[in-house]
Amino acid sequence: HAMAELKALGEAHGVMLRASLGNGTRGRGMFADEDMSPGEVVISVPLDLCIIKQLDAADSEGPSEGTKRETEYELSEQERKSMTWVAELFLTADLLSAIFSDDDSNFWKEYAKMLPPPDSPFPLLMPKEDLAALSACDSVLVDTINSHRKKLKEGWEKQFDMPCPPPLLWLNACVISRCFHIWNKDAVMAWMTPFVDMVNHSYDKNCVLATSDNAIEIKTDKAIKKGDEILFSYAHFPNSHFYWRYAFCLEENESDVLEIEGGIRAHQVLFDNFLTTRSPPPPVLQQSIKLTCPSNVSEEVQEQERTSVQQTMEKIDSLVGACDEFLKTREDKREVCEYVRLRRGLLESCRDLLGGYEKFLSGEGTKE
């Protein structure tokens, strides 16, 4: 029923669709209606259907005192984040206005039926008790969520001089999970693009996002068969970012990172040396190699590093236990449990790595 509604809505508003809504291994997504060669347009959405917000640096909260741009035209990272956040706030306001418009012919009023419902498992919508439990597994992520909620409320009241409407969190979750960004010199453009926002992410993509003079398009970049899922890459992110913005994570994510509150950064020279000696030697050098610290590093520094490593490993053990408890008590929370399960695996991998590093620091490690 949803697929038929989506097709009819698209045709009524000049959208070219050569894909249909369906369900696959990634959940709901878009699937090819026919075989296509590389370079063909799969979806084309007129720009006038998109909700677009463009900002320049003057519209952002601005750089902190002492921050300078590297060049005349290059935005600082702080400016980029600030402008992106403001753009998404205004997209949320425009989406709210469109959906609750008195004009029944408003496109977004109808398209809202295709958006994730208010009870969707977005982290931004997570109940307080679940956030409290998740904090024991990943306090950095929970701090991000709580900070965003607080900033959203304050930003709304400041920009629009009115209390936050009840649907604000839900619509902001829809925006941050579905909008796209383009940075150009000292400006950012953010837009909500219907139909295109149904396309799922994969690093093993078969399509790319493109623009023309009057449309946003999805184009194939390899041959695809009828029934194949349409996929493009959102960007390379760690799982914490994928989960926070999109409520999914990747089983094998090359871009994943582990951020631990209270964790200790390894001594750069020592850790780089350890990683170098861990790398498999060329076949002609197959021999027993003793993993030892560089001779120019004092015993005092080595001892400080061993203490730091032990403290971090204890922190990891505590986090693994918290993950086990979370998975045991919240089996029905599929999306967050998937994130916690993958985080637990990452914690275990990092603990194994630090265990090798600890032996390296003590001069006990050998490898063939």
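Is Lys222 buried, partly exposed or exposed? Lys222 is partly exposed, at 35% relative accessible area (buried is under 20%, exposed over 50%, partly exposed in between, with a 1.4 Å probe and protein chains only). This is a predicted model, in which local features need pLDDT of at least 70, side-chain atom pairs count only at pLDDT 80 or more, and totals for chains, interfaces and linings use all residues. Residues are numbered from 1 along each chain as its sequence is written, and side-chain values use heavy atoms, leaving out hydrogens and water.

**View 1. Lys222 and Asp204 form a salt bridge.** The N to O distance is 3.6 Å (a salt bridge is a side-chain nitrogen of Lys or Arg within 4 Å of a carboxyl oxygen of Asp or Glu). Lys222 sits in the loop between strand 10 (215-220) and strand 11 (231-232), and Asp204 in the loop between strand 8 (200-201) and strand 9 (207-211), so the bridge ties together parts 18 residues apart in sequence. Strands are DSSP runs of E, at least two residues, and helices runs of H or I, at least four, numbered from the N terminus. Asp204 is exposed, at 57%.

**View 2. Glu251 pairs with Arg341 in a salt bridge.** Their closest N and O atoms are 2.7 Å apart. Glu251 lies in the loop between helix 7 (239-246) and helix 8 (268-278), and Arg341 in helix 10 (residues 334-362), so parts 90 residues apart in sequence are tied together. Glu251 is exposed, at 51%. Arg341 is partly exposed, at 36%.

**View 3. Arg351 and Asp317 form a salt bridge.** The closest N and O atoms lie 2.6 Å apart. Arg351 is partly exposed, at 27%. Asp317 is partly exposed too, at 39%.
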